[in-house]
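Here's a quick briefing to read with the model open. Have a look at the structure first, then work through the topics below.

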Amino acid sequence: MEKLVVYGGKPLKGKVAVSGSKNASLPILTAALLTDEKCVIEGVPNLRDITTMIRILRNFGMKVIQDGHRVSIDPCKYTSTEAPYKLVSTMRASFCVLGPLLGKHKKAKVSLPGGCVIGPRPVDLHLKGLRALGAKIDVEGGYVLAKTRGLRGTSIYLGGSFGSSVLGTANVLMAAVLAKGRTVIENAACEPELVDLAHVLLKMGAKIQGHGTPMLIVDGVRKLGGFKHRVIPDRIEAGTFLLAAAITNSELTITGARPDHMGAVLDKLREVGVQVQVRDTTMIVRKGNPSKYRSVDVVTLPYPGFPTDMQAQMMALLCRTPGISIITEKIYPDRYMHVAELGRMGAQIKMEGACAIIQGVDRLKGAPVMASDLRASAALVLAGLASKGTTEVHRLYHLDRGYDRVDQKLVALGASVHREKTD
Ligand code: EPZ
């Protein structure tokens with residue numbers, strides 16, 4: 001195991017380039033299951049979740065070569081349509097192999113992903129959509145057993161109690177592109193990562209309209225070809241670096257971003273009083289006066305609302321923002337494992353159901369803390385950067401699941417952080 005040792009109190013300085021989006025890369029990698037032709041994906045970040053997904057594709061018998069940020073896939077001859085528990089249980093996104101396997105191979109055996117610390121992570125909407133397309137789906141021994149004689153287009157409402165489902169939409173979309181006839185998906189997710197997936201499917205020959213809106217229209221085709229695609233930049237990594245600059249009151253330039261995917265985060269930061277200039281794909285955070293920052297209320301919502309994947313990082317900043325701020329987590333009401341850890345650093349946070357009430361403090365103090373999920377670990381690193389003294393973020397594998405060498409990027413910006421092995 002490893003921990004990240006963070007010596008706080010130092011301002012950051014310089015430029016950082018945003019990596020490719022993890023949450024776009026993962027479903028796009030599974031899109032290769034829909035074709036017999038070669039696929040090349042550029043700009044794929046180097047992180048654990050990508051490695052896991054590549055292992056899953058290789059497990060199906062696909063030839064996958066990862067060369068830096070390029071992943072080349074030759075579907076060649078599949079030997080299996082089974083995604084085993086030992087792989088799926090480590091990364092929920094692997095569940096989105098189900099739709100393409102059903103669409104292309106008309107059968108699949110995929111382990112249920114199970115829950116994680118941010119919540120139970122159900123898949124009822126995925127299964128509802130695939131059943132509506134005509135798949136026979138049984139759940140046995142922790143596995144989803146799915147088969148079909150041929151999927152047929154239909155109308156599906158895919159909204160759940162927490163709104164739309166990102167990977168649920170991806171799964172149903174990737175099944176529908178090879179179904180017979182037209183499929184209409186209502187309350188589809190609009191996240192930029194799904195729009196990127198739709199762009200890949202269109203390159204493969206799929207017929208899709210309405211991507212990026214809650215109403216997706218798909219006209220099934222008989223066959224899909226290969227593709228070459230560069231994934232969009234990671235809006236959550238870019239947002240995490242915006243917060244790193246704000247919480248350390250640093251001037252930072254973030255390049256290779258898509259500010260047009262980050263409206264809610266930019267708006268909320270400006271409401272706090274953080275000065276961010278946007279020019280094309282570059283964002284510049286200016287030094288501010290943190291004592292003049294204003295407390296705000298944040299509610300996490302499906303895109304284009306404030307992203308749940310930025311909630312923990314925003315909380316770290318609000319722990320240092322004068323006044324009382326309230327965060328309401330509407331996507332994963334239990335996504336607050338970072339609260340107790342921030343409390344160990346002197347943060348004043350009171351929980352009321354799915355709301356966190358944060359009383360800003362002048363200073364946070366370094367302490368040993370435990371990462372619990374990939375975004376909470378990022379929040380603890382941010383808090384450490386702004387703290388007096390040393391912070392040790394344990395169970396660093398959580399951070400490595402979602403960020404491409406973030407510690408090296410922080411060192412290049414002047415942060416004093418380093419990894420250490422723990423027992
Ligand atoms: C994606 O997960 C992201 N993961 C998550 O990012 C992100 O937090 C989440 O979307 C929400 O934006 C990837 O893209 C790989 P959902 P996903 O289905 O698709 C409920 C990260 O940090 N729901 O949109 O699994 C669910 O419980 C990760 O990179 C059902 O009720 O999330 C949640 O409350 C963490 N039934 C809400 O919907 C279902 O069948 C949104 O979940 C599916 C979901």
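Helices (H or I, at least four residues) and strands (E, at least two) are DSSP runs, numbered from the N terminus. With that in hand, helix H1 (22-31), helix H5 (124-132), helix H6 (166-176) and helix H12 each supply at least two residues of the shell around the ligand. This is a predicted model, where local features need pLDDT of at least 70, side-chain atom pairs count only at pLDDT 80 or more, and totals for chains, interfaces and linings use all residues. Residues are numbered from 1 along each chain as its sequence is written, and side-chain values use heavy atoms, with hydrogens and water left out.

**Around the ligand**

- A residue is near a molecule or strand if one of its heavy atoms lies within 4 Å of it. There are 24 residues around the ligand, and Arg92, Leu125, Ser165, Asp309 and Ile331 come nearest.
- For polar contacts, look for a pair of N or O atoms within 3.5 Å; within protein, one must be able to donate a hydrogen and the other to accept it, and residues adjacent in sequence count only if both atoms are side-chain atoms.
- The side chain of Lys22 has an N or O atom 2.9 Å from an oxygen atom of the ligand, and for the side chain of Asn23 that distance is 3.0 Å.
- On its own the ligand has 820 Å² of accessible area, and the protein covers 92% of that (Shrake-Rupley method, 1.4 Å probe; for residues, only the protein chains shown count as cover).

**A four-stranded sheet**

- Strands S6, S7, S9 and S8 form an open sheet in the order S6-S7-S9-S8, with mixed pairing (two strands pair if DSSP finds at least two bridges between them).
- S6 (82-83) and S8 (136-140) are the edge strands, each with a single partner, so one side of each has no neighbour in the sheet.
- S6 and S7 run parallel and are joined by two bridges; Glu82 has Lys109 in S7 as its bridge partner.
- S7 (residues 107-111) and S9 (residues 143-147) run antiparallel, with five bridges between them. Ala108 is bridged to Ala146 in S9, and Val110 stands opposite Val144 in S9.
- Helix H4 (residues 98-105) packs on this sheet, touching S7 and S9, and its direction makes about 165 degrees with that of S7. Axes here are lines fitted to C-alpha atoms, for helices over the stretch in contact, and angles run from 0 to 180 degrees between N-to-C directions.

**Helix H11 and its cover**

- His338, Val339, Glu341 and Leu342 are the buried residues of H11 (residues 337-344). Buried means under 20% relative accessible area, exposed over 50%, and partly exposed in between (1.4 Å probe, protein chains only).
- Their cover includes helix H10 (311-318), strand S20 (348-352), strand S22 (368-370) and helix H12 (374-385). Contact means heavy atoms within 4.5 Å.
- Just after H11, Gly346 has a positive phi of about 100 degrees.

- Gln311 sits in helix H10 and counts as buried because its relative accessibility is 1%. Its side chain makes a 3.0 Å polar contact with the side chain of Glu329.
- Leaving aside neighbours within four places in sequence, the contacts of Gln311 include Phe306, Tyr336 and His338.
- Ser72, in strand S5 (residues 70-74), counts as partly exposed because its relative accessibility is 25%.
- Ser72 and Leu29 are 43 residues apart in sequence, and their C-alpha atoms are 9.6 Å apart in space.
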